[in-house]
Amino acid sequence: MSISRIPIRISVEGLGDSKGVLIRFLSPRTVDAIVRLLPIEGRAALWRSEVYFEVPLKLGVEKPRSTVKKGDLAYWPFGRAFCIFFEDMRPYTPVNLIGRITENVEIFSKTRSGLKIKVEKI
């Protein structure tokens, strides 16, 4: 396993699994903190083309991005949340980009508020 690219599985209750990768160089401090927490889970919240859930981290901005692309994974400092973007968009406030979805991004457009989401290393 590479220390710069960490493969993950994201499971959505009742909808299935997606695969992704956390990419350290995008936001090294943020990715390291997320990896130390894995596995993490929470209840889905929705905003526009984004699924997110709160995580027990309090981190500041790191290489903040004010636009994201379909499949991007990010940490949202303002909301202390793990974010999954299923369309290109502008987040509510800038996010720390942490990785990408590599398989099955479509399940996030079907995700509803309150569904359990789990992120784990594979």
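Q: Which residue forms a salt bridge with Asp32?
A: In this predicted model, the partner of Asp32 is Arg24, and their closest N and O atoms are 2.8 Å apart. The search of the whole structure finds six salt bridges.

Q: Which residue forms a salt bridge with Asp72?
A: Asp72 pairs with Arg100, with the closest N and O atoms 2.6 Å apart. This pair links distant parts of the chain, since Asp72 lies in strand β7 and Arg100 in strand β9, 28 residues apart. Asp72 is buried, its relative accessible area being 6%, whereas Arg100 is partly exposed at 32%.

Q: Which residues are linked with Lys118 in a network of salt bridges?
A: Arg9 and Glu120 are linked with Lys118 in such a network. Within it, the side chains of Glu120 and Lys118 meet at 3.9 Å, N to O. Lys118 is partly exposed, with 30% relative accessibility.

Q: Why is β7 described as largely enclosed by the rest of the structure?
A: The general idea is to apply the cut-off for burial, under 20% relative accessible area, to each residue. Five of the five residues of β7 are buried, so the strand is largely enclosed. Asp72, Ala74 and Trp76 point one way from β7, while Leu73 and Tyr75 point the other way.

Q: Which strands pair with β7?
A: Four bridges join β7 to β9, and these strands run antiparallel; in this pairing Leu73 stands opposite Gly99. β7 also pairs with β8 in the antiparallel sense, over four bridges, with Trp76 opposite Ala81. β7 and β8 form a hairpin with four residues between them, and Arg80 in the turn has a positive phi of about 50°.

Q: Which residues touch the most other members of the largest nonpolar core?
A: They are Ile10, Leu22, Leu73, Phe82 and Phe108, in a core of 28 residues. Elements that give two or more residues to this core include β1 (5–12), α1 (28–37) and β7 (72–76). A second, separate core of eight residues includes Val68, Trp76, Phe85 and Val95.

Q: Which residues does Ile10 contact beyond its neighbours within four places in sequence?
A: Among them are Leu73, Phe82, Ile84, Phe108 and Val119.

Methods
Residues are numbered from 1 along each chain as its sequence is written. This is a predicted model: local features need pLDDT of at least 70, side-chain atom pairs count only at pLDDT 80 or more; totals for chains, interfaces and linings use all residues. Side-chain values use heavy atoms; hydrogens and water are left out. A nonpolar core is a set of buried Ala, Val, Leu, Ile, Met, Phe, Trp, Tyr and Cys residues joined through side-chain atoms within 4.5 Å. Buried means under 20% relative accessible area, exposed over 50%, partly exposed in between (1.4 Å probe, protein chains only). Contact means heavy atoms within 4.5 Å. Two strands pair if DSSP finds at least two bridges between them. A salt bridge is a side-chain nitrogen of Lys or Arg within 4 Å of a carboxyl oxygen of Asp or Glu.
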